[in-house]
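Here is a friendly walk through one protein chain, from its overall make-up to a few residues of interest. Keep the viewer open as you read.

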Amino acid sequence: MIRVLIADDEPLMRAGIKAILGTADDIDLVAEAGDGREAVRIALERRVDVAVLDIRMPRLDGLAAARELKSVAPSVRVVMLTTFGEDDNIVRALSDGAAGFLLKDSAPEELLRAVRAVHAGEAYLSPMVTSRVVGMVAQVGQPRRQEAMRQVEGLTEREVEVLALLGLGMSNADVGLRLHMSEATVKTYVSRLLAKLGLTNRVQAALLARDAGLNPRP
């Protein structure tokens with residue numbers, strides 16, 4: 001079972017998320033919180049696997065809570081929820097270690113996919129969020145592009161291929177099918193890439209791939 005905590009200061013929103021999670025046999029909602037400070041405390045007490053955090057909350061917002069969880073409970077995977085158009089928050093959340101990012105008007109099944117994906121060690125960006133990220137990366141300045149290209153210079157050809165596919169948001173299974181590798185081998189490559197590049201999660205790797213302008217081979 002995937003042990004999930006939800007944190008949102010709106011009781012109606014929490015009720016909706018709770019109802020969605022309750023439809024899944026493999027997900028156990030173990031706790032709710034009304035602010036980020038309470039969410040961090042409960043996550044530590046209840047051995048939470050995945051925390052679904054609203055960005056805008058009192059006392060401690062979702063971004064600050066994600067940073068704190070990354071420090072005190074790195075095994076807790078974070079899915080951030082927000083409204084459409086907060087581009088700066090997308091980048092900040094991913095930089096702070098969030099593994100998933102959803103808009104509040106996403107389809108219910110997207111939330112379930114996100115929880116399962118991040119629990120499995122993968123990243124999940126809703127399609128709409130992905131398009132926003134791609135748009136932001138398209139506007140990357142030359143210094144940032146050059147720095148990203150410098151970071152990937154030491155990678156092998158195969159590592160670059162894997163990184164480029166991560167930039168498309170592909171799962172380990174999808175990368176394996178594309179490159180004719182087992183899922184276990186892909187997982188090894190991803191772990192090696194994160195270590196080489198000094199990154200903490202595959203979302204950051206995906207952003208780096210886009211910053212560097214990596215394009216998968218046809």
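## Ground rules

Two residues are in contact, or touch, when heavy atoms of theirs lie within 4.5 Å. The model is a predicted one, in which local features need pLDDT of at least 70 and side-chain atom pairs count only at pLDDT 80 or more, while totals for chains, interfaces and linings use all residues. Residues are numbered from 1 along each chain as its sequence is written, and side-chain values use heavy atoms, with hydrogens and water left out.

## The chain as a whole

The chain holds 11 helices and 6 strands; these are DSSP runs numbered from the N terminus, with helices being H or I of at least four residues and strands E of at least two. Of its 218 residues, 50% are buried, meaning under 20% relative accessible area with a 1.4 Å probe and protein chains only.

Among contacts with a separation of 6 or more, 66% link residues 24 or more positions apart.

## Two nonpolar cores

A nonpolar core is a set of buried Ala, Val, Leu, Ile, Met, Phe, Trp, Tyr and Cys residues joined through side-chain atoms within 4.5 Å. The largest has 29 residues, and L5, L53, L69, V78, M80 and F101 touch the most other members. Elements giving two or more residues to this core include strand 1 (2-7), strand 3 (50-54) and strand 4 (77-82). Helix 3 contributes the most, with 5 residues.

Which residues does V78 touch, not counting those up to four places away in sequence? They are A51, L53, A66, L69, A98, A99 and G100. A second, separate core has 22 residues, including L166, V175, Y189 and L193.

## Helix 1 and its buried face

Helix 1 spans residues 11-21, and R14, I17 and L21 are buried in it. Seen down the helix axis, the buried residues of helix 1 fall within an arc of 65°, so they line one face; the arc is taken from the directions from the axis to the C-beta atoms. Their packing partners are strand 1, strand 2, strand 4 and helix 5 (108-119).

## A look at D54

An unreviewed UniProt entry annotates D54 as "modified residue: 4-aspartylphosphate"; such annotations may be inferred rather than shown by experiment, and positions follow the numbering used here, with feature names shortened. D54 sits in strand 3.

Is D54 buried or exposed? D54 counts as buried because its relative accessibility is 4%. Beyond its neighbours within four places in sequence, D54 contacts A7, D8, D9, G62, L81 and K104.
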